[in-house]
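Good morning, colleagues. I would like to take a few minutes to go through the packing of some helices. Please look at the sequence and the structure as I show them.

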Amino acid sequence: MSEAGKYTNGFNQSVVLPVLMGRMGWRQSTIQKYALLDATNQGSTTGRYFNDFHALCKISNLLDSQEDKDISTDDFNTYLQSLQQSVIMRCLNSVFQEPDYLEQVLLYERNTRVQASVNNAGLFVGYEIDVAKSFDVAVQIDSATLYFDQDITFPLHLFKDGKKTPIWSQVVTVNAFENTVVDFPDLVLNYIGAQTKGSVYYFGYFQADLGSARAIREQVEQWNQTMCMRIGAFTAPQTDTLAFNSSTRYITNLPYGMNLEMSSFRDHTQMIIKKANVFDNAVGLQMVYSVLEQVLYSTRINEKERILKDGLGAMGLMLELRGAIPASDVARTTGLQTKIDAEYARVSKTFYPKQRGQTVNMAGVCSY
């Protein structure tokens, strides 16, 4: 299961950022006024520094062009961390622009005319979920529709094949004889994750937790097709308080008062982590762009700011950034933005190689 976090543009931001942050740092200035960097901002796990990407990409220019003339040392170091994070996010969002949504499906369509309560037999009941055996696809349990014959509060559990105890649990409350929908905002299942390896998960509940309440089994009109997951309803004997014997599970294809809404999407999180080095040049160039942009649009008025703008000039900065200035008789050149775009294109090829045809099969291979 994925760690709780923020998914955006096909990656988990809260997992990826800590890996990319600190791969490059800033060189400490030899001028006392600008020697403000803490250990975090000086740190570079790759031995590369933002200062080396451009002559104007240095701490003095950032300090003299940022808007707070009275900024403290601590606040300036915090600002540098925030700037690095923003630059990394600009890079990631520029690379990962393709649609990440693949499918959304309700497991089955129900026949409302046929239903019956299910007697409890000391089992763990639910769904076996076999996710696509792919490093760049994730499956999410969006919600569960629960149907029982009494008002009841009980826990749902998610198990991972090879782990004895649940990797996730949540207590839910159900109204008697009413389809009760419970949403799960970040219940993401990965083939390869930081905590889990492998494709098989088990989602469900222990009948022993129901007391006298019973699940209402609906007649399945049709099981809906999925592209990036294979799912089957199953039962297995409970062996301990929070354990069941998966080796003796029985695939029933009969629901036990629970229908799931599932979705799948492109998830590059693990690939970004494993290939973090491919972003270094893009991040360095994007930092240069951000520094020059800040100089160009600075609202500060001071001696350093005047020297920068008078020496290079607004037109010169625009030429450096974009490769052109607003004058029809001035030739274009290779601006920084063009270099950045070329770098983004190079990185994109790592994550979006030429697609090969795939077909739907029963081996858990995604057919996007």
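**Helix packing around helix 9**

Helix 4 passes helix 9 in a right-handed crossing; a crossing is called right-handed if the near helix is turned clockwise from the far one by less than a right angle, and left-handed if anticlockwise. Helices here are DSSP runs of H or I with at least four residues, and strands are E runs with at least two, numbered from the N terminus. Before I continue, this is a predicted model, in which local features need pLDDT of at least 70 and side-chain atom pairs count only at pLDDT 80 or more, while totals for chains, interfaces and linings use all residues. Residues are numbered from 1 along each chain as its sequence is written, and side-chain values use heavy atoms, with hydrogens and water left out.

The packing angle of helix 4 and helix 9 is about 65°, and their axes are 9 Å apart. Axes are lines fitted to C-alpha atoms, for helices over the stretch in contact, and angles run from 0 to 180 degrees between N-to-C directions. Which residues make this contact? Helix 4 contributes Arg 90, Cys 91, Ser 94 and Val 95, and helix 9 contributes Tyr 344, Val 347 and Ser 348, contact meaning heavy atoms within 4.5 Å. By class, there are four nonpolar, two polar and one charged residues. Here Ala, Val, Leu, Ile, Met, Phe, Trp, Tyr, Cys and Pro count as nonpolar, Asp, Glu, Lys and Arg as charged, and the others, Gly among them, as polar.

Among the buried residues of helix 4 are Cys 91 and Val 95, where buried means under 20% relative accessible area, exposed over 50%, and partly exposed in between, with a 1.4 Å probe and protein chains only.

I turn now to helix 6, residues 280-296. Helix 6 packs against helix 9 (residues 336-351) at about 155°, with the axes 9 Å apart. Helix 6 is therefore roughly antiparallel to helix 9, a term for angles over 145 degrees. Their crossing is left-handed. The contact of helix 6 with helix 9 comprises eight nonpolar, three polar and two charged residues.

The C-alpha atom of Val 288 is separated by 9.2 Å from that of Ala 55, 233 residues apart along the chain. Is Ala 55 buried or exposed? Ala 55 is exposed, at a relative accessible area of 64%, and lies in the loop between strand 4 (48-49) and helix 3 (59-65).

Note on methods
Expected span 1.5 Å × (residues − 1). Parallel < 35°, antiparallel > 145°, perpendicular 65-115°, else oblique.
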